[in-house]
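Take a look at the protein shown here. The report then walks through selected local features.

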Amino acid sequence: MIWKNKIHELDKVADKLAERFDKPLKIYIFGAGKLGNTLAITLQFYGCLKGFIDNDIVKQQQGFQGQKVYSVEEYIKNHNGLIVIAASKKNALAIEKQIQSLQLIYKEDYFFYEEFYNQILPILSVYFFHKSYVSLAQITVTERCSLKCKKCAHGCYAVGNTAKDLTLQQVYKSADSFFAKVDVIKEFVLIGGEPLLYKELAQAICYIGEKYRKQMAIYCITTNGTILPKKEVLEACQKYNVLFRISNYAKQIPRLKISHQHLIDRLDKYGISYVLGNEETEWFDYGFEEGSRERESKELIEVFDRCHTPCREVRENRFYYCVMARSVSENLSINVGETDYLDLEQLEGEEGKKELLEFTMGYSEKGYLDMCNYCSGKDAGIIPAAEQVEKDVR
């Protein structure tokens, strides 16, 4: 989307929300489970969580994560606020039918989890609470990887083992620049490549954790599970409550099942939380290697507006809308989009919060990224996941 009225693009949306919601804002989470817990952790920064709603009688009696759990009937009878449905897709649809039968209206009385996180909470955060908010941001500490996956969405298969990583000072500056302008983030991630190849990972974890852990709901490392973290990394993760997200390519690379178990055993020993993803069998092929599509500006805007990638990246003072656009451009030597970022150091005060909000929601001067000309976007094809460039990786 092209900026037409910068720092005022979302004023009308915010005004409409203000008409609907009372102050102080009261939010109830329907679903006392994992998704609900993540949302509750985020809402603690705003003091607006008033409890959970759940159909489980035991949870109604015992509570959840120190919060009261209400039945639907009790909520309808005694409470008023905004409901966020935090459940799997199947369960969320069943919950919607239940609350619609009680005359609650979609987008007035309730929202679904993902749309609330991505569309509503960012606006509420800035306009209601005067806090800048980002759902997801990452620091790519290294582009090197222990795997060589064909069609890697970051182009890491083209990066040699001797490629330079970010210096520790660059990592520090990235975190400092970001958290100087962002008050709350749902998930802050250290990624690669493979981040466990980064020799100074423990120092990076500790620096960011010590200074900014209180601004994050989730502090995370994303790994492919091929490398066991060193003791100092484990101790740092233990101290700052870092979550390990383990990508699962074991279907394509069977030896990873053993590597994953070794990693999980090590994490369990230190009491570190982890999520092992489901076995991935398919990836999107964004077609970066095919070259420029020679699209006109109108078509590029359409490609961008259909994408809605959640993957923001901070690199020193530069805040990128799409981490893949930046990394692929560099790693595959396409070398476009060098200025497709928001300069965090230029953001000031309430206007800066609104500019950051609009940027994260997809507004920019051009309305697209230069790398959109090299990307299939929503029209990406399907390929087998994690096929290796080299034949002897098993």
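## About the model

This is a predicted model, in which local features need pLDDT of at least 70 and side-chain atom pairs count only at pLDDT 80 or more, while totals for chains, interfaces and linings use all residues. Residues are numbered from 1 along each chain as its sequence is written, and side-chain values use heavy atoms, with hydrogens and water left out.

Glutamate 313 lies in strand β12, residues 312-315. Helices (H or I, at least four residues) and strands (E, at least two) are DSSP runs, numbered from the N terminus. Glutamate 313 counts as buried because its relative accessibility is 0%. Buried means under 20% relative accessible area, exposed over 50%, and partly exposed in between, with a 1.4 Å probe and protein chains only. Leaving out residues up to four places away in sequence, glutamate 313 touches Gln138, Thr140, Arg318, Phe319, Tyr320, Val323 and Arg326. Contact means heavy atoms within 4.5 Å.

Glutamate 143 sits in the loop between β6 (133-140) and α7 (168-181). Glutamate 143 is buried, because its relative accessibility is 8%. Its contacts, apart from neighbours within four places in sequence, include Cys156, Gly193 and Arg315.

Which side chain makes a polar contact of 2.7 Å with that of glutamate 313? The partner is arginine 326. The side chain of arginine 326 also makes a polar contact with the side chain of glutamate 143, at 2.8 Å. Glutamate 143 has a side-chain polar contact with asparagine 331 too, at 3.1 Å. A polar contact is a pair of N or O atoms within 3.5 Å; within protein, one must be able to donate a hydrogen and the other to accept it, and residues adjacent in sequence count only if both atoms are side-chain atoms.

## Two helix pairs

Helix α9 (residues 231-239) packs on helix α10 (residues 256-270) at an angle of about 55°, and their axes are 10 Å apart. Axes are lines fitted to C-alpha atoms, for helices over the stretch in contact, and angles run from 0 to 180 degrees between N-to-C directions. The pair α9 and α10 is therefore oblique. Angles under 35 degrees count as roughly parallel, over 145 as roughly antiparallel, 65 to 115 as roughly perpendicular and the rest as oblique. Lys231, Leu234, Glu235 and Gln238 of α9 meet Arg266, Leu267 and Tyr270 of α10. By class, this contact of α9 with α10 has three nonpolar, one polar and three charged residues. Ala, Val, Leu, Ile, Met, Phe, Trp, Tyr, Cys and Pro count as nonpolar, Asp, Glu, Lys and Arg as charged, and the others, Gly among them, as polar.

Helix α2 (residues 34-43) and helix α6 (residues 113-127) cross at roughly 20°, with axes that come within 11 Å. These two, α2 and α6, are therefore roughly parallel. Leu35, Thr38, Leu39, Thr42 and Leu43 in α2 meet Tyr113, Phe116, Tyr117 and Leu121 in α6. The contact of α2 with α6 has seven nonpolar, two polar and no charged residues.

## Backbone features

The peptide bond from glycine 192 to glycine 193 is cis, with omega near 25°. Glycine 193 lies in the loop between β7 (184-191) and α8 (201-212).

Lysine 107 is not a glycine, but its phi is positive, near 70°. Lysine 107 is partly exposed, at 46% relative accessible area. Glutamate 294 also has a positive phi, near 55°. Glutamate 294 counts as exposed, at 63% relative accessibility.
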